Amino acid sequence: MMTRWLQASVPSTLPANASHQVGVGAFVVNSRGEVLVVLERTGVLRSRGVWKMPTGVVTMGEDLTVAAERELLEETGISARVEAMLAVRQAHGFAFGKSDMFVVLGMRPIPDEQQPIPQVQIMGWKSQGLGNVQA
């Protein structure tokens, strides 16, 4: 953010740039107890074979639950509702030197029987062990 305070004799009252970014993780479990996982095609984990939950960044003014539902739908084509907050993590020194707040939300697909539509990532339902991903 670029600013210029015009009155040199008066201290600036403009707030500093945002100090945090907020991210969400969608931990989606269907009625069979399978967890939705994705394999990124882009980003820092691409080409590393790391299966993970769908994640994304909360936009300014967006509620955590809305962000998780939006990111999940954008990345997988799966609709789900948030049922619980599972975990919160805070870390420092991330993108542009900002602190990072990350919230994992427990979700259920609605309707339960949905097949992922790979829009951004490769995905599937994981039951037991990483070798058992149904992509």
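Good morning. Strand β2 and strand β3 (residues 51-52) run antiparallel and are joined by two bridges; strands here are DSSP runs of E, at least two residues long, numbered from the N terminus. Two strands count as paired if DSSP finds at least two bridges between them. Within this pair, Leu39 stands opposite Trp51 of β3.

Before I continue, a word on the source. This is a predicted model, in which local features need pLDDT of at least 70 and side-chain atom pairs count only at pLDDT 80 or more, while totals for chains, interfaces and linings use all residues. Residues are numbered from 1 along each chain as its sequence is written, and side-chain values use heavy atoms, with hydrogens and water left out.

Let me stay with β2, residues 35-39, for a moment. Five of its five residues are buried, where buried means under 20% relative accessible area with a 1.4 Å probe, protein chains only. In a regular strand, side chains alternate between the two faces of the sheet. In β2, Val35, Val37 and Leu39 point one way, and Leu36 and Val38 point the other way.

I turn now to the open sheet. Four strands form it, in the order β4-β1-β6-β5, with mixed pairing. Its edge strands are β4 (55-57) and β5 (80-91), each of which pairs on one side only. On average, neighbouring strands are turned by 25 degrees against each other, direction ignored; the angles are taken between axes, which are lines fitted to C-alpha atoms, on a scale from 0 to 180 degrees between N-to-C directions.

What does β6 pair with? Strand β1 (residues 20-28) runs parallel to β6, with nine bridges between them, and Val28 stands opposite Met107. β5 runs antiparallel to β6 (residues 99-109), joined by 10 bridges. Ala84 stands opposite Gly106, and Ala80 has Pro109 as its bridge partner. Nine of the 11 residues of β6 are buried, so this strand is largely enclosed by the rest of the structure.

Finally, the second largest pocket. Its lining consists of Gln21, Gly23, Gly56, Val57, Arg89, Phe94, Asp100 and Phe102. A pocket here is an open set of points on a 1 Å grid over the protein atoms alone, where a 1.4 Å probe fits, with protein on both sides within 12 Å along at least five of seven lines; lining residues have an atom within 4 Å of a point. β1, β4 and β6 each supply at least two residues of this lining. Thank you.

Terms used. Buried means under 20% relative accessible area, exposed over 50%, partly exposed in between (1.4 Å probe, protein chains only).
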